[in-house]
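Dear colleague,

I am passing on the structure below, together with notes on what was found in it. Please read the notes with the model open beside them.

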Amino acid sequence: MEDLSFEKRIDKSKQILEKLMNPEITLSDSVKYYKEGITELEMANKLLEEAKLKFETYQNSDDRGSVNL
């Protein structure tokens, strides 16, 4: 699996959605693109969750080091 950024994975998912919206798409191609799209969205979600965890970790470490006035 390619190591793509969150934004690139979302863009790729949009491209796949456009292919799925083609009324002349075959059933086998639609299943193939659907699986590919789900994989891209799952990977994008994983990247988002990792970023969220990093942010929360940073925020928690910053909260412990700050002084309340």
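**A charged network between the helices**

In this predicted model, arginine 9 and glutamate 40 join their side chains in a salt bridge, with 2.8 Å from N to O; the term stands for a side-chain nitrogen of Lys or Arg within 4 Å of a carboxyl oxygen of Asp or Glu. Because arginine 9 belongs to helix α1 (residues 6–20) and glutamate 40 to helix α2, the pair ties together parts that are 31 residues apart in sequence. Helices here are DSSP runs of H or I with at least four residues, strands are runs of E with at least two, and both are numbered from the N terminus. Arginine 9 and glutamate 40 are both buried, where buried means under 20% relative accessible area, exposed means over 50%, and partly exposed covers what lies in between, with a 1.4 Å probe and protein chains only.

A salt bridge also links the side chains of lysine 12 and glutamate 40, at 3.5 Å from N to O. Lysine 12 lies in helix α1 and glutamate 40 in helix α2, so this pair ties together parts that are 28 residues apart in sequence. Lysine 12 counts as partly exposed because its relative accessibility is 23%, whereas glutamate 40, at 3%, counts as buried. Through shared partners, the salt bridges join Arg9, Lys12 and Glu40 into one network, and the count by this rule comes to two salt bridges.

Residues are numbered from 1 along each chain as its sequence is written. Since this is a predicted model, local features need pLDDT of at least 70 and side-chain atom pairs count only at pLDDT 80 or more, while totals for chains, interfaces and linings use all residues; side-chain values use heavy atoms, with hydrogens and water left out.

Helix α1 has 15 residues and reaches 21 Å from its first C-alpha to its last, close to the 21 Å expected at 1.5 Å a residue, the expected span being 1.5 Å times one less than the number of residues. Arg9, Ser13 and Ile16 are buried in α1. They cover an arc of only 60 degrees around the axis, which puts them on the same side of α1; the arc is that of the directions from the helix axis to the C-beta atoms. On the face of α1 turned away from its buried side are the exposed residues Glu7, Lys8, Lys14 and Glu18.

Phenylalanine 6, found in helix α1, counts as partly exposed because its relative accessibility is 29%. Leaving aside its neighbours within four places in sequence, phenylalanine 6 is in contact (heavy atoms within 4.5 Å) with Ala44, Leu47 and Leu48. From phenylalanine 6 to lysine 46 the C-alpha to C-alpha distance is 8.9 Å, although they are 40 residues apart in sequence.

Alanine 44, in helix α2, has a relative accessible area of 2% and is therefore buried. Its contacts, again leaving aside neighbours within four places in sequence, are with Phe6, Arg9 and Ile10. Alanine 44 and arginine 9 are 35 residues apart in sequence, while their C-alpha atoms are 5.8 Å apart in space.

**Elsewhere on helix α2**

Aspartate 29 lies in helix α2 (residues 27–65) and, at 29% relative accessibility, counts as partly exposed. Its C-alpha atom is separated by 9.1 Å from that of lysine 19, ten residues apart along the chain.

Leucine 41 lies in helix α2 as well, and is partly exposed at 43% relative accessibility. Together with Tyr34 and Ile38, Leu41 forms a nonpolar patch on the surface, with about 290 Å² of accessible area together. Patches are made of residues with over 30% relative accessible area and no salt bridge, like charges being joined within 9 Å and nonpolar side chains (Val, Leu, Ile, Met, Phe, Trp, Tyr) within 5 Å; accessible areas come from the Shrake-Rupley method with a 1.4 Å probe, and for residues only the protein chains shown count as cover.

**The protein as a whole**

The secondary structure comes to two helices and zero strands, and of the 69 residues 13% count as buried. Among contacts between residues at least 6 apart in sequence, 60% join residues at least 24 apart. The protein exposes about 6000 Å², of which carbon and sulfur atoms supply 56%.
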